[in-house]
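Please keep the 3D view open while reading.

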Amino acid sequence: MTVTSHNPADPADLVLARPAFEVAGTVRAVESARARCADWIALGAAARSVLLTRVAEAIEAHAAELVDLVVREVGKPLAEARGEVTRTCAIWRYYAQAPYAPTGAVHETAAGEGLLLTRRRPHGVAALITPWNFPLAIPTWKAAPALAVGNTVVLKPAPEATACALRLVELAQLPEGVFSVVPGGVEEGRALVDVADVVSFTGSTTVGRAVIAAATARGVPVQAEMGGLNAAIVLPDADIEQAAADLSAAIAGYAGQKCTATSRVIAVGAAYEPLRDALVKALDGIRPADPSAAATVCGPLISSAARDRVVRAIDSARATGATVVAGGTVPQRAGWFLEPTLLTDVADEHPLHTEEFFGPIAVLLRAVDIDEAIALANATPHTLAVSLHTRDLDAALTAADRLDAGMIRVNAPSSGVDFHVPFGGTKAASHGAREQGTAALDFFTATRTVSLLPSAASQ
Ligand code: NAD
């Protein structure tokens, strides 16, 4: 098999074509990584910290090149690509301090003599299976903590983002076998789960479930962050213009291809009409455009298949009574573009209410009060992030208590993640330990309890 990636804004532009590793190459990559585990942990905290800091420095030194590659390979708009590269550096710097973090605690022994210690140790070879939409940041927020605590890492990126992953690992310049890439697709992903010591997956829910099942059957630790179907609740007292600006960014930014994008807008009571009008105006103002232009918010979708799926959803919603109040058409230009789209009156049974479409599209719903809005927001198993727009602190506190989401963002778009705090969804959106922050250090290690007793009974 050949791994290929194309520029989504200009599909004639072939970004990468190279042979996949296949099963044998994947197993060899893991064997090489395993052979390096002992040396990597034996390097010690100071040396690992220096090497991870150098990764950040290398990325910083090549930032412009990486930004261009992200724009070209996955169609991310320039401003967001710059943000991703900056964040990638910051994540490496943050985890470069982690080798110095305490790895356990000292307890009194029950019998009185000696010491009782806990100590977190790495699992061995960490398999990272990643999606294409954050081609540097997601591999980094998995690899940096895994490496910091002494695992070696084999990364299997999405085929669509393989050039970014290869360049990241090349720039990292870590010792041979410590951080490597397996170019490939399904076959390589499966093979990796079959031989690694710990698995961290981000991607779609269907694939995530298969990865969880395979890793669990082997008894290796696994975490998975999967698809989202994120709601935004707008109360009548909200600053409607500001809410519309936040929501249009969360619906159309990067063509809606973020796991935290908003796909269901729930307007409460009298907020409905003014919000609809403000949102239509805001979305109409976001034209799908060349991602390499500084002002672009909404670039192309990742592939023609991805765009066709969204277009089919718009057509079937319209055919069953929905109204397209913004966007809905495919611009006449090369590249997999689609106008940011908002629909009202979508039939209850339509998949737009229950499936992630991963495009610049949202449905507008009406709720009589905050209780109904929270119930609607919670009525999906795929909740990663929910935003609430209000000036009412009591309403915000109520929502923070009752929204069943991994991230609850008051007066902020649902999209947006801080890398130094735990990140993940609820219910079907997430499995296992949280990512990012110090939670990632826990996931990539297992606790050992050590009893240290005197060599002879005391007199
Ligand atoms: P995907 O599930 O198609 O692929 C993800 C990765 O899994 C790729 O590397 C792919 O090659 C690999 N893979 C595919 N089949 C496999 C198998 N059977 N075994 C092992 N590996 C396999 O996802 P995608 O299209 O690359 O990314 C988009 C999806 O990712 C969306 O659903 C989005 O919501 C999700 N996502 C989630 C988060 C989050 O943190 N929750 C973040 C970003 C993206």
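## The enclosed cavity

The largest cavity has a volume of about 130 Å³. The model is predicted, not experimental. Searching the whole structure turns up 1 cavity of 30 Å³ or more.

Its lining takes in 17 residues. Nearest the centre of the largest cavity lie Ser263, Glu356, Phe357, Phe358 and Ile361. Two elements give two or more residues to this lining: strand S11 (262-268) and strand S14 (361-367). By class, the cavity lining holds 8 nonpolar, 6 polar and 3 charged residues.

## The open pocket

The largest pocket has a volume of about 1200 Å³. It is lined by 48 residues. Trp132, Phe201, Gly203, Ser204 and Val207 lie nearest the pocket's centre. Elements that give two or more residues to the pocket lining are S1, helix H7 (186-195), strand S8 (198-202) and helix H8 (205-218). The largest share comes from H8, with 6 residues.

The pocket lining has 21 nonpolar, 18 polar and 9 charged residues. Where does the largest pocket lie relative to domain 1 and domain 2? It lies between them, because both give residues to its lining. Domain 1 spans 2-226 + 429-452, and domain 2 spans 230-410.

S1 covers residues 2-6. One face of this strand, Val3 and Ser5, is covered. The other, with Thr2, Thr4 and His6, is uncovered. S1 also contributes two or more residues to the lining of the largest pocket.

S1 runs antiparallel to strand S2 (residues 14-19), and 5 bridges join the two.

A disulfide is a covalent bond between the sulfur atoms of two cysteines. The disulfide count here is 0. The cut-off is 2.5 Å between sulfur atoms. Cys89 has 6% relative accessibility, so it counts as buried.

Cys298 is in no disulfide either. The nearest cysteine sulfur belongs to Cys259, 17 Å away. Cys298 is buried too, with a relative accessible area of 0%.

## Positive phi in two loops

Most residues other than glycine have a negative phi. Gln173 has a positive phi, near 50°. This residue sits in the loop between helix H6 (162-172) and strand S7 (179-181). Gln173 counts as exposed, at 65% relative accessibility.

Gln436 is not a glycine, yet its phi is positive, about 65°. It is found in the loop between strand S17 (430-431) and helix H14 (439-443). Is Gln436 buried or exposed? At 0% relative accessibility, Gln436 counts as buried.

## An exposed loop residue

Asp348 lies in the loop between strand S13 (341-344) and S14. S14 is also one of the elements that give two or more residues to the lining of the largest cavity. Asp348 is exposed, with a relative accessible area of 71%.

How many residues separate Asp348 and Ala35 in sequence? The answer is 313. In space, the two are 55 Å apart, C-alpha to C-alpha.

Technical notes: Residues numbered from 1 in each chain as written. Predicted model: local features only at pLDDT ≥ 70, side-chain atom pairs only at ≥ 80, totals over all residues. Heavy atoms only, no water. 1 Å grid on protein atoms, 1.4 Å probe; cavity = no way out; pocket = protein on both sides within 12 Å on 5 of 7 lines; lining within 4 Å. Points joined across faces, edges and corners; volume = space filled by probe spheres on them. Helix = DSSP H or I, 4+ residues; strand = E, 2+ residues; numbered from the N terminus. Nonpolar A, V, L, I, M, F, W, Y, C, P; charged D, E, K, R; others polar. Buried < 20%, exposed > 50% of the residue type's maximum accessible area, 1.4 Å probe, protein only. Pairing = 2+ DSSP bridges. Domains from an automatic or database assignment.
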